Amino acid sequence: MMTEYFIYSLKVAALMAVFYLFWRLLLERETLHRLNRIVLLLTALGSFVLPLCVITLHRTEEIVAPVGGTVGMGSLMVGEVVEEPTLWERWGSVAGIVLLVVTAAMLLHLVYGIWRLHRFIRHCELHREANGVTIAVSEEQIAPSSWMHTIMLSRCDYEQPLSAILVHERSHIHHRHSWDVLFVELVTALQWFNPVVWMIRQDLRTVHEYEADAAVISGGTDMRAYFNMLVQKATGRGAYSMANGISNSTLKKRIKRMLKRKSNRWRGVKALYVIPVVALSLAATAKTIVEYRQVPAPEKVQAVEPVVLPAASAGDKQPIVFIDGKEVSKEKFKSLKPEQVETMTVLKDKEATAAYGEKGKNGVILVTLKKEQQPASESDISLVFIDGKEVSREKLKHLDSEQIETVTVLKDKESTAAYGEKGKNGVMLITLKKEQQPDASNAPVAKLPQGQDPVYEVCEVLPEFPGGMSEMMKFVQENMKYPQEAYANGVQGRVIVNYVVEKDGTISGAHVVRSVDPLLDAEALRMVNMMPKWKPGKHKGKPVRVKFTIPITFKLQG
């Protein structure tokens with residue numbers, strides 16, 4: 001709270017400095033006293049109000065829900081992150097407390113000053129006039145001054161009155177200068193650390209004297225005699241700082257201003273400088289709030305929002321590529337068409353080197369192609385799992401292609417590593433489409449190799465990306481690189497990637513379930529695999545592995 005108050009005070013000080021600088025450059029030398037008075041008052045008031053006027057723009061972005069009932073980006077909720085205060089926040093809080101304490105002391109001093117002034121008036125000899133003005137006569141030798149509806153004079157000035165003095169002080173009362181003084185004293189108490197506010201305070205009092213002097217001269221008083229009177233009365237002691245009185249410090253400026261030629265009223269147009277300053281202030285504090293709304297995925301998905309991303313560096317090291325278990329060249333990988341690809345999995349770092357040794361140090365891409373007919377014959381596949389349950393090969397013949405969501409085929413080392421000798425002839429993992437989202441009490445979505453924990457589609461507490469969904473969107477935008485060749489060829493579309501959030505928050509098993517282009521698919525997988533650790537999901541109070549789906553849109557502006 002104190003940090004916010006400190007920051008707000010700095011914003012007020014900065015705005016006040018900008019407004020005041022333009023006033024000194026454009027209007028301070030003009031004899032348009034009333035305009036100058038209004039601009040100075042608005043400078044003080046506007047500096048406090050503008051930082052509170054924040055223009056908020058709302059933008060809604062649609063997140064397409066993934067197919068098959070799995071949890072996608074639209075289902076992520078922004079969590080509350082409790083962080084330790086930074087060094088800036090600690091010092092900002094201390095500075096805010098100091099500002100508040102000194103401000104309270106200044107306000108108390110202001111109240112005390114007003115009380116002393118009223119006590120002084122009560123001890124004077126009071127003479128009330130028909131026009132509502134009260135003349136307070138003091139036995140002390142004070143300079144003529146005024147406060148609200150009271151004119152304070154010494155006994156000598158009251159018994160030998162000079163009409164110019166009374167006209168001058170009545171002008172202060174008529175123009176309600178005391179209210180200006182009270183307001184600017186309050187502003188000074190709130191911005192005591194700001195040198196600009198002290199200059200505004202002095203300049204406003206000077207403008208008050210200019211305005212009162214102009215009233216005396218316009219009333220027909222001889223200017224030379226008035227000058228002599230000002231010099232004589234400026235030597236007396238002022239009543240109190242809150243009162244409007246003749247001051248020796250501003251006397252020279254007042255005489256020069258009375259001798260100066262009056263400014264043309266059209267020169268007041270320069271006061272319009274406040275408009276661009278206000279506009280820039282509002283623009284600087286404006287903010288945009290992005291609201292995410294999940295919508296169901298249609299059959300043919302269109303890109304939700306254009307995304308233009310830089311081309312990947314040409315010097316990046318290339319991973320090795322396997323298509324249906326056979327290593328192929330980079331050219332053959334690039335020649336693949338999206339409709340040929342069934343699934344794609346990217347292995348990197350330790351995961352790649354553990355499976356493929358030093359050869360896989362730059363990463364491994366495993367591609368499974370779609371089959372024109374039943375994916376494998378009885379002689380090719382030894383094990384078949386549908387939604388995590390082992391079934392007979394005969395059951396495959398009764399499956400309709402429209403029921404199938406994904407098909408993954410494990411062969412050779414990949415199948416034996418996962419299922420031992422039992423999977424030496426290959427393993428087929430089939431996921432069926434779901435008619436509706438499963439309940440949180442459902443069993444795991446897939447039966448994994450012996451010794452591994454099950455994967456949940458829905459659990460009691462879902463995993464969460466560090467900082468929530470907005471940070472996840474930001475991570476995708478900052479880390480995605482548009483493949484150079486795809487960019488040059490105008491390839492675009494929407495890739496859907498499945499992955500598992502492990503019990504320790506790491507990402508594993510990322511693979512493409514809806515392909516666009518091999519290059520875009522590989523880039524989407526690269527981005528998913530470089531995600532930081534998530535806050536893991538929980539089921540019945542224990543961390544569990546949870547399956548997620550993320551749609552990634554590649555689109556060029558055009």
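Predicted model: local features only at pLDDT ≥ 70, side-chain atom pairs only at ≥ 80, totals over all residues.
Residues are numbered from 1 along each chain as its sequence is written, and side-chain values use heavy atoms, with hydrogens and water left out.

**Exercise 1. Work out how the span of helix α1 compares with its expected span, and list its buried residues.**

Solution. Start with the terms: helices (H or I, at least four residues) and strands (E, at least two) are DSSP runs, numbered from the N terminus, and the expected span of a helix is 1.5 Å times one less than its number of residues. Helix α1 covers residues 2-26, which makes 25 residues, and the distance from its first C-alpha to its last is 36 Å, close to the 36 Å expected. For the second step, buried means under 20% relative accessible area, exposed over 50%, and partly exposed in between, with a 1.4 Å probe and protein chains only. In α1 the buried residues are M2, T3, F6, S9, V12, A13, L15, M16, F19, Y20 and W23.

**Exercise 2. Explain why helix α6 is described as largely enclosed.**

Solution. Next look at burial, where 10 of the 14 residues are buried, so α6 is largely enclosed by the rest of the structure. Among these buried residues are H177, D180, L182 and V187.

**Exercise 3. Describe the surroundings of strand β3 and find its partners.**

Solution. Strand β3 (residues 134-138) has 5 of its 5 residues buried, so this strand too is largely enclosed by the rest of the structure. Its side chains divide into T134, A136 and S138 pointing one way and I135 and V137 pointing the other. Two strands pair if DSSP finds at least two bridges between them. With strand β2 (residues 125-128), β3 pairs in the antiparallel sense over 4 bridges, and here L126 has A136 as its bridge partner. These two strands form a hairpin with 5 residues between them, and G132 in the turn has a positive phi of about 95°.

**Exercise 4. Find the residues with the most contacts in the largest nonpolar core, and the element that gives the most to it.**

Solution. A nonpolar core is a set of buried Ala, Val, Leu, Ile, Met, Phe, Trp, Tyr and Cys residues joined through side-chain atoms within 4.5 Å. The largest such core has 44 residues, and V367, Y499 and I550 have the most contacts inside it. Helix α16 gives the most to this core, with 7 residues. Apart from this core lies another, of 23 residues, including M16 and W23.
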